[in-house]
Every structure is written in structure tokens, then in C-alpha cells.
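User: I'd like to learn how to read cavities in a model like this one. Can you walk me through it?

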Number of protein chains: 2
Amino acid sequence: MSSRGVRHDSMRARNLAVVLATIHRSGPHTRAELAERTGLTKTTVSSLVADLIEAGVVSESGAVQKGERGRPGVAVSLSGRRVAALGLEINIDYLAACVVDLTRTVRLRRTRPADNRNSDPAAILDGLRVLAKEITAEAEAGGLRVIGAALAVPGTVEGEVLRSAPHLGWRDVRVPDLVDLPFEIDNEANLAALGELWFGSRESDFLYVSGEIGIGAGLVVDGAVFRGTYGLAGELGHVVVVPDGPACRCGGRGCLEVYAGQDTLLGALGSAGSAGSGGSADAADPAGAAGLVGSTGSVGELVARLEAGDPEAVRTCERAGHALGVALTSAVHLLDPGLIVLGGIYAPLYRWLEGPVSEGLGARLAQMRGTPPALVVSGTGPDAAVLGAAGSVIQRIIADPAQLLGL
Amino acid sequence: MSSRGVRHDSMRARNLAVVLATIHRSGPHTRAELAERTGLTKTTVSSLVADLIEAGVVSESGAVQKGERGRPGVAVSLSGRRVAALGLEINIDYLAACVVDLTRTVRLRRTRPADNRNSDPAAILDGLRVLAKEITAEAEAGGLRVIGAALAVPGTVEGEVLRSAPHLGWRDVRVPDLVDLPFEIDNEANLAALGELWFGSRESDFLYVSGEIGIGAGLVVDGAVFRGTYGLAGELGHVVVVPDGPACRCGGRGCLEVYAGQDTLLGALGSAGSAGSGGSADAADPAGAAGLVGSTGSVGELVARLEAGDPEAVRTCERAGHALGVALTSAVHLLDPGLIVLGGIYAPLYRWLEGPVSEGLGARLAQMRGTPPALVVSGTGPDAAVLGAAGSVIQRIIADPAQLLGL
């Protein structure tokens, strides 16, 4: 509840959002249908639609006649032709960017493989600025107006400060505006969860588990990410699995990351992890893990070994699955998710993880909850975070289109 | 965002709420101050205040002059004289009821010690119905109008069904309306967290830990309880502390409850738990655990042993504290609370728990979060849940006073 009363000048901005949300949620509508659905008069709706057309967020798309009495009306739809958003991502082994239009269609994607472990923030941020400038120019050359940007980072974020990204080796890095646009940063697991919401499973209640070099999670409840008090919620990778287990780089012991992080899983290959595996997306990746993002070669190699029945690889994956089952039991008791979505490198490894994870959840949760939350594989692949970043900018426009009109 | 546009007939209900929320948040105000703070005209404010007076939620309380130019105005304040709410609680070893007025002053409290373990739901609910009728009649004889009721239960709730309350031995119990009033039920840890919010620490962001025969938790973020997808969030008692630890009655292994539940703690006394300890509130309770609620005698006995340095009691409490430190580490990583409040029987045991819990949180969290959330003792004592139940009814009236006017 806002502390301000509803006055007539704020009603217009709010009603613009109500009309746009109606079109966004249930597709093209005539002005008459919009009036009926929103409870606003036809005159008001016509005037609001005129503003939305001017802002470039809706367009008229020909006559429709769906059960409406009288003559057909002209349908008003969300427009993907003008307004767009920029998504950016810094991950351990790549930089990524994408441009998404208002209908959440991906228009452009770029990836730069890189080794960002223990890196110099200024150099990485400069590289990302160049990538952002290039992709924005290309989008604008195509007639799009990029109206905001968001950046996904593999660490904890407070405001515009990246507090701690242990795998990058960054601590308390103030991230400058990388583009001359409204700009914000957020944790990659939160944004990947939103990517899954808008570009993947499209369920409205789930816990997205981001299996990467670090393990994060983003809880979506009724279509919104739960962030906790300081925006630090969802650090699944440091849930305690074995209280006196091996030391974790977070300073704790026996955290999930020690048993199920990418470095541990790839350790089964006798490699030191994915750093330096570099290179471009592996076109031959048998499990479909390679998409926008490159350097999943080592994960592809692990999948190949698993398919060949390599006992060391199978054992490591089972151990990771059991640990994941324990950590997710605690997460289900505390967070009560509607569904569990395994993403990141857990997507290509799903076939081998699903058994031990489901078994653990079933044995520990069945009596208290009847059926434990279902376990599914992510529908977005490795692009989830950068897509979620762009999608979150689109979401803000849809929630408040008046900002494009300077209301 | 509601799917309905803002029309003028819903504006009045919304503006009544805006004016009442302003008075509720920042105390008595003149009509002129209310106009200034809400952005509404003085004429509108005067008309809204007249409605709120008619509904019995505010009253005029004499002239004030605080920095206002011109003649003093008449202050409008929240009224505790008419509207009130009924809180009810079924716990393992007692039934409780209270009546709270709109200013959240506790007007009446009643407790009936009982042994509700493995009990017949119908018999217990009948007993509670009698208690509710008696206390409501007494409140109404005193001029109060009880406008709604809420019931706290030690188990998981979906709608009006108590899904599972293992310590009561109840499963899938449909709770009928116990009073001829708007009525609802909720988990005791959620309501205890709200009790702490409104009647205890009054912080707006914290994790309330309810140490009872079962251990629950309620997360308050920005003044509201986080409930998860099905309202089952916050089951701290079943967070896994040791994956292959002793069996828990939930069907899992090594849950927090096994190490730090009331039965385990009182086991140090060589007793079978608190069942049958019955009787009225222990006036001699040295740690202030006895308030509204009785049968904390055994906890009093444990406190006495701890004060005398009994090694078995000290060891049990240390073990519970270490387990609580592990489970709370996982909870902090997943939920990101602003503060941790130890309530229920952990309040009188705080002196002995604080060390091991803080030590565990510090060692495991310091590197990732700088300072772990502070640990404090509850300000409400054993009444938290029943007070929170009544308070939640009051909260709904303040959020929507129009319901009292039939708008």
C-alpha cells in the first residue's frame, strides 16, 4: 500500500499499466474487449491505447472477430518492433550479451569466451562495455530502441556493488553504468530463474537450481523472485550437507558446492576444471548444453564418459546427486517451492542426477508433504541468466509503460 | 497489479485504507496533516475520517498543535475502544485464547493446560470452541466488537485443512469455523513470527525460530511473512543437520528436531518430555518463560540444572546449539533474514544456546556475508503465536477498513 492517496494524475499511469498487462497476459484484444476486461470506459481505453501506440509498446494488428457481437474491431497487440532491452552476463568462463524485444523474442545474441577466474574487474568490465556497445548499435541499426540494460554476475549483489564473487576473485566491486541507459546488476541465479520463467518452462512457481562452477538458486513464487532481506537469498551452494565435511572456499565446511559444483564433477575427468577449456561453443555437444554460451566442452566430455559407463564418472555424479538431494530437502522445507528445475550444467547431467536426487527427496520428504515437488530439467540451457537479465528490463516496462511517455 | 482499472467506486475503499494506514503508522494527526501526507484534498479526508469514525476504527482525541500554522486542529487517532480480534491456539500441551483491540493492546488472555498428544481432533476443537465463546462474551460485555478470529496450530496448513501435525497425531483435519465470525487457521510459527513483529521486537525483517516440541520458523521480510508456494515454508525443524543421523518422526534422518527439539532437550533431565507436566503457569520460573502459557515447568527445571552446571544438561544444550548453528547457516544462505530471533523454549535457554549458535554462524558465514545476521532473544515469550493470530485479524482490518462499512 502506497502512502499516497490515489489521485487522478497517477490514475492514468496506473491504468496504462492495467491495459498493457491485460494485453500482455491474454493476447490481442479489441478496445471493446479491453474495456470489458479492465472495467474502464471505452473512451478511456481508446485514449490509453493511443498513448501505448505512441510509446511503441502496442500496435494495431488487423481486424479480429472472436465471439464479439456487432462489427469486428481492430485488435491491439504487444509490439516487438520498437522497444527492446539489453541483457549482459559476466560468467567465470565467458561474457555474453543479448537483445530481447518487448514480446520477449530474442533478436541478437553474442558470446565472448574468456577466462575470468581471479581477473581484474576493470579489464573485464571494459571488454563487456565494448560488447554492449556493439550489440546495441546493431539492434538500433535494425530499428529497435534499446531502453534499458541489466547485468548478471556470479556473486552476491547489493545495489550497484558486487559484494562477493569468489570464483571471479572479486570483492566489493562497484560496477559502473556500462551503457548510457537505465542499468542494474543482479545475481546470475536470480536472473537465470527469471530466464526460466519467461523463456523456459514458463511455470510461475519453482526453484531454479543453477549448477555452474558455483551453485546458486532462484526461487520464483507467483511469477516473482524471492530475494530475502538484503537480496542474498538462494545461496544453495553453501547449504550444509555434512557439518564436518571438507572445507569450502566460502570458509564453511561440507557445503553442497564441495560435492556437486562443476569443478568437483569435472574432477572425475582428472582435469582441473573448465578454466582454460575456452574456445567457442562445442557444436558436437551430445547433450545440448552448448547454446549461446561456450566452453561446455568439458561437461560434454563428462557426459560422454557417463554414457560409456565410466565408473569414476558415474560415482562422482551419484555422490553429487545424493548431496543435491540432501541440500534440496533442506531447501524444500524452508522455501516450499512448487517445482524444482535443474539448470546450468545439471541440465546435460540430468539423466544421471535425477535418480539419486529424487530418491533422496522422496525418502526424506514423503511423510511430511505427501508428494515432494517434481524435479524437471531446465528449458533454457546455459542462456538462462543473460535472457533473464534482458527479460527483467522488459518486465519493468510492462509494469510501468508510463515511464516511456515521461508521465 | 490488479487486472481491474482503478474506478471511482474502488478509490474510496482504497483511500480509506490509505488514511487509516497513515494514522496507524505515524500516530494521531489532524485532518489537515492527513491531507498533506496522503496528497488527498481536505474535503476528501474529512469525509473519509467520518466513515472511519462510524466504523469505530478511529476517534477524535482532543486538540493538538504540532508545528501547524493557524489554529490547532482536532487529532484523529486509532481507537482501541470498539473493534477487537480473537486469537486462538492449539498447542501440544495447552489451548489458549486472547482478545486484542485495534491498537494491539491485549485485553483478555486465557489458557487451558491440556495433553493434546495423539488426541481426538473433535474433542479438542469442542474444548476450544467453549473457550472462544467464553472469552468473546466477556469481551463483548466490556463493549468490544470482536470482528474476526484466527487459530494457530502446530502443523502445516492448506486453506482450512490442517494437513499434518505430527505431535498432535492429526492428519488432514478439516477445522470448522469455531466461532460465528470470519475465521482462519495458520501455522503456529508463522503466527508467532507475526506476534514477534507486532508485540515483541517490532523489527520488520527477521527469522523467528519457534523452539517447541516441534521446531518451526517464520520469516518476516519487510513486515510480511514469507509463506512459499503452498504455505509450507519455514519448516526449520526438518532441515538436515547430519544426512545419516538418527531417524526423525518426519521420516527423514538427522533433522534439526532430533538434536534440538524440546523432547531431546528435556531428555537431559531423564524425563520423557513435557507431556503430563501439566498444571498452571509456573510462577517460580526463573527465566521468565512462563507467561500466558503454562506447563513450562520442565523447561524451568532444565534451566535450574543448567544454572547449577549439571554436565549432562550443559552437554545437551551445547549439542542443540551446534545443530541449530548448522541448520541456521543453511537457513541464512537460503532465506537471507535480517536478524534471527530465538523464541519458544529457546528464550529461557538463550544464555546457553547463544554461544554455540553464534560460533557456528560466525565460522560458516563470515567470509561470504561479512557480518552474519545478529542473534537475539524473543520479546514475546510463549504467547507469540496466539497474539500473532489476533494481530493478523487486526492487520486485515487496517489494510481494508471498508469491509467494516460494507463498501
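Analyst: On a 1 Å grid over the protein atoms alone, a cavity is a set of points where a 1.4 Å probe fits but cannot get out, and lining residues have an atom within 4 Å of a point. Points are joined across faces, edges and corners, and a volume is the space filled by probe spheres set on them. This is a predicted model, where local features need pLDDT of at least 70 and side-chain atom pairs count only at pLDDT 80 or more, while totals for chains, interfaces and linings use all residues. Residues are numbered from 1 along each chain as its sequence is written, chains are lettered from A in the order written, and side-chain values use heavy atoms, without hydrogens or water.

User: Which residues lie nearest the centre of the largest cavity?

Analyst: B:Pro154, B:Gly155, B:Asn187, B:Ile215 and B:Glu235, out of 26 lining residues.

User: Where does the largest cavity lie relative to the domains of chain B?

Analyst: Domain bounds here come from an automatic or database assignment. Domain 2 (83-196 + 385-405) and domain 3 (202-378) of chain B both contribute lining residues, so the largest cavity sits between them.

User: And what about the second largest cavity?

Analyst: That one holds about 210 Å³ of space. Its lining has 19 residues, with A:Pro154, A:Gly155, A:Gly214, A:Ile215 and A:Glu235 closest to the centre. Domain 2 (83-196 + 386-405) and domain 3 (201-379) of chain A both line the second largest cavity, so it lies between them.

Methods
On a 1 Å grid over the protein atoms alone, a cavity is a set of points where a 1.4 Å probe fits but cannot get out, and a pocket is an open set with protein on both sides within 12 Å along at least five of seven lines; lining residues have an atom within 4 Å of a point.
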